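Please have a look at it first.

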Amino acid sequence: TTLRAPAVERPPFAVASVTLPLMDGSRPVPTIVRYPAVRVHGTLIPARKAAPFPLIVFSGGWKVGPSAYSDLLGAWTAAGYVVAFPEYPGTLPGEKTPGEGDIANHPGDLLAVLTALHHASGPLDGLIDQARLGLAGHSDGGDVTDAVVANSCCHIAGVTAAVILSGAELDSWRGAYGP
């Protein structure tokens, strides 16, 4: 039998997730994507009737794993956002390489994640509103978010909202910060 969603889909949504094995060239950037879902006969299915949803890409802090942000990211998803958490190389607890200096590569990694999500299929097919893109980040992830929204080195067009939690303007990028 085919699972059919309820006639009306609205927040709070159930939260489903998928981990995508994304790449930035030869750099692995696995990305956990949470998306609004509805429960039908005990099974979570994408909330397609309420789609498309704004996308928030959240960059975590240095050596802070995704579980530390689970409540926050889950709340955003339940409210009707697709939320992606890229795992930049070497940033998770226990990883030793490539090291914190690799942060200079994270804006490029973030762009690769956004590009891949723009062409997402499977459970994400049709769920993401490409015109409503938000970026958020904490600590080093806040630095990355700040760089792609306010630094000439690595500006990403189309961002409509940004949240920077304990981030800073770094000299890791060779551009200039501006309004």
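Let me start with what I mean by a cavity: on a 1 Å grid over the protein atoms alone, it is a set of points where a 1.4 Å probe fits but cannot get out, and its lining residues are those with an atom within 4 Å of a point. What you see is a predicted model, in which local features need pLDDT of at least 70 and side-chain atom pairs count only at pLDDT 80 or more, while totals for chains, interfaces and linings use all residues. Residues are numbered from 1 along each chain as its sequence is written, and side-chain values use heavy atoms, with hydrogens and water left out.

The largest cavity is lined by 15 residues, and those that lie nearest its centre are Gly60, Gly61, Trp62, Tyr88 and Thr91. Two elements give two or more residues to this lining, namely β5 (82-86) and α3 (140-150), where helices (H or I, at least four residues) and strands (E, at least two) are DSSP runs numbered from the N terminus.

Which element gives the most to the lining of the largest cavity? That is α3, with three residues, and α3 is also mostly covered, since 10 of its 11 residues are buried, meaning under 20% relative accessible area with a 1.4 Å probe and protein chains only. Among the buried residues of α3 are Asp140, Asp143, Val144 and Ala150. What covers them includes β4 (53-59), α2 (106-118), β6 (128-138) and β7 (159-165).

Turning to the whole chain, its secondary structure comes to three helices and seven strands, and from the N terminus on the elements run β-β-β-β-α-β-α-β-α-β. The chain is as compact as a globular protein of its length, because its radius of gyration of 16 Å is close to the 16 Å that the globule rule gives for 179 residues; the radius is taken over C-alpha atoms, and the rule is 2.2 Å times the number of residues to the power 0.38. Along its principal axes, the C-alpha trace spans about 55 × 35 × 30 Å. Finally, buried residues make up 46% of the 179 residues in the chain.

How values were computed:
1 Å grid on protein atoms, 1.4 Å probe; cavity = no way out; pocket = protein on both sides within 12 Å on 5 of 7 lines; lining within 4 Å. Buried < 20%, exposed > 50% of the residue type's maximum accessible area, 1.4 Å probe, protein only. Contact = heavy atoms within 4.5 Å.
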